Amino acid sequence: MKQLLVNADLLTFSGPDAPRSGPEMRSVGLVRGGAVLMDGDKIVSAGLRDLVQRHPDAGKARILDAGGRLLMPGFVDSHTHPVFAEPRLKDYALRSQGRTYKEIAAEGGGILSSVRALRGALGEDLAHALFERARRFLECGTTTIEAKSGYGLDAASELKTLRAISAASAATPLEMLPTFLGAHAVPPEYAGRAKDYLKMLCGEVLPAVVREGLARFVDAFCEEGYFSEEEAELFLRAGKEAGLGVRVHADQFSRGGSRLAARLGALSADHLDRVEDEDLRRMKEAGVVAVLLPGSNHFLGLCDFPPARKIIDAGVPLALATDFNPGTCPCWNMQEILSIAVSRMRMTPEEALTAATVNAAHALGLGKTHGRLSPGMQADMVLLDCEDLREVPYWFGANLAAAVFKRGALVHSTTELRI
Ligand code: NIG
Ligand code: FE
C-alpha cells in the first residue's frame, strides 16, 4: 500500500550513511511544510511537499494529514533490559531512605534479586510481560529496541529469556534486537568463581544461543565487583568469534570497559560516566559509538551524569538510550531521556534528537535502514504533538507521540489522520 503523509514539519536527519559526531550532531535536516511518501514498509520520498507530490507514485497513495505536527524517525532505543519477572520496588524504597545501589546489591537486592525472580518465572509469562512492555515503547514513539538477557545467569534461564524475546518479537510490531548479556553478574552458585562461570557460558550457553539464532550481540558488565576487563574480554571474544556483534557496559563506576570496547571493535560502549580522554581517542579510532544512559543516573538520584559535552567535543558519535530495567531505570520513554540529557548533560535539543535516532541506529548496526527519513529507509516514524523540536525535551514527563508508524503500518495513534 502507498501512503502519502502531508502537512508535517520533518526532522529528516538526511546526510551520509555514517554516525554523526561533533557539530554534525546539531544538524537535524528540518523541512517545514514537508511530506513523506511510503510504499509498503519503506520510505520512497521525503522532503518538501511539492517535490514529494511529483513522485510518480504519489497520485496512487492514500493521503494522511499530519495536522502541521513534527514528524521524525521512530526513536531507536539501543540499550534495554526488558525481560524481567518483577519490578524492584523494595530496592527503590530502600534507596529513598538513603541506601545506595551497591549496599542494596550486597545485601541480596539488586541484579541478583531479579535473577531469583526470573528463574522462577515461566517463559510464556516473561514473553507476555515483554509483549505488554513493547506496547508501552511503541506508544511513546520508540519503534526499535535492543533487548538484553542477563537476569537468568544459568543455561536454562538465559535461553528462556532469549526465547521470550523471540516469541514476543513475533507478536509485536516493535523491532527487538536480542543481546546475550550472560556476563551481567556472577550468579550465587559461582560466587568467587567468575572464570568458571564464564567457561560455562562460553562452553554451554553461547553455542546454544548461536545454534538457535537467539542473539545478534553479546554484552558484558565490565565493572569492579562484576567482571574485570580480562574476564569480560574472555566472554566477548567468544561471542565475537561466534559471529555476534559486541557491546560493553563500560566505565560506569570504574575504568576499563571502553578500552576493551575499542580493542574488540565493539559497536558501542555504554554508560561511560568515568570515561577519560585517552579512552575516547581509542573509541573514536575504532568507530565505537558512545551510548549514554542518563535515566539511570537520574533514577538512582546521582548528582553526576555522563560527560556528554566531553564526548561530543572528542568527536565520538553519541547515542542516548533508556537502559530500561527494573533496578536503575524503569523508564521506556525516550522523550524523558532526551529531557534529562538536555537539562543534566547540557546537550542541545538537536544533539539529543540525533542521539536518539540516526546515531542510535548506528549503535545497533542499523544505520543504513533506520534512524532517518530518506528514500529507501524503513518507514518507522513518530508524529509528535508539537511544532518546535525543542518541545520534545521541554515538556518533560509528557508523551507527545500522536501517531506511530512501524514498517509503514500505523501501530499507535491518538488522533485522526485521514483527510
Ligand atoms: O544499569 N548492568 C548493570 N546494571 C544495569 C541494570 C541492572 C539492574 O540493576 O538490574 C544497567 O544497565
Ligand atoms: Fe544496562
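As a predicted model, it is read with limits: local features need pLDDT of at least 70, side-chain atom pairs count only at pLDDT 80 or more, and totals for chains, interfaces and linings use all residues. Residues are numbered from 1 along each chain as its sequence is written, ligands are numbered from 1 in the order in which they are written, and side-chain values use heavy atoms, with hydrogens and water left out.

Ligand 1 takes up the space of the largest cavity (on a 1 Å grid over the protein atoms alone, a set of points where a 1.4 Å probe fits but cannot get out; a molecule sits there if more than half of its atoms lie within 2 Å of the grid points). Around ligand 1 there are 14 residues (each with a heavy atom within 4 Å of it), and the closest are Arg-88, Tyr-101, Tyr-151, His-184 and Asp-323. By type, the shell splits into four nonpolar, eight polar and two charged residues (Ala, Val, Leu, Ile, Met, Phe, Trp, Tyr, Cys and Pro are nonpolar, Asp, Glu, Lys and Arg charged, the others polar).

Some side chains make polar contacts (N or O atoms paired within 3.5 Å) with the ligand. Tyr-151 comes to 2.5 Å from an oxygen atom of ligand 1, and Asp-323 puts a polar side-chain atom 2.7 Å from an oxygen atom. On its own, ligand 1 has 330 Å² of accessible area (Shrake-Rupley, 1.4 Å probe), and the protein covers 100% of that.

As for the cysteines, there are zero disulfides (pairs of cysteine sulfur atoms within 2.5 Å). Cys-329 has its nearest cysteine sulfur, that of Cys-331, 5.0 Å away, which is too far for a bond. Cys-329 is buried at 2% relative accessibility (under 20% relative accessible area, 1.4 Å probe, protein chains only), and Cys-331 is buried at 17%.

Key:
Buried < 20%, exposed > 50% of the residue type's maximum accessible area, 1.4 Å probe, protein only. Polar contact = N/O pair within 3.5 Å; in protein donor to acceptor, adjacent residues only side chain to side chain. 1 Å grid on protein atoms, 1.4 Å probe; cavity = no way out; pocket = protein on both sides within 12 Å on 5 of 7 lines; lining within 4 Å.
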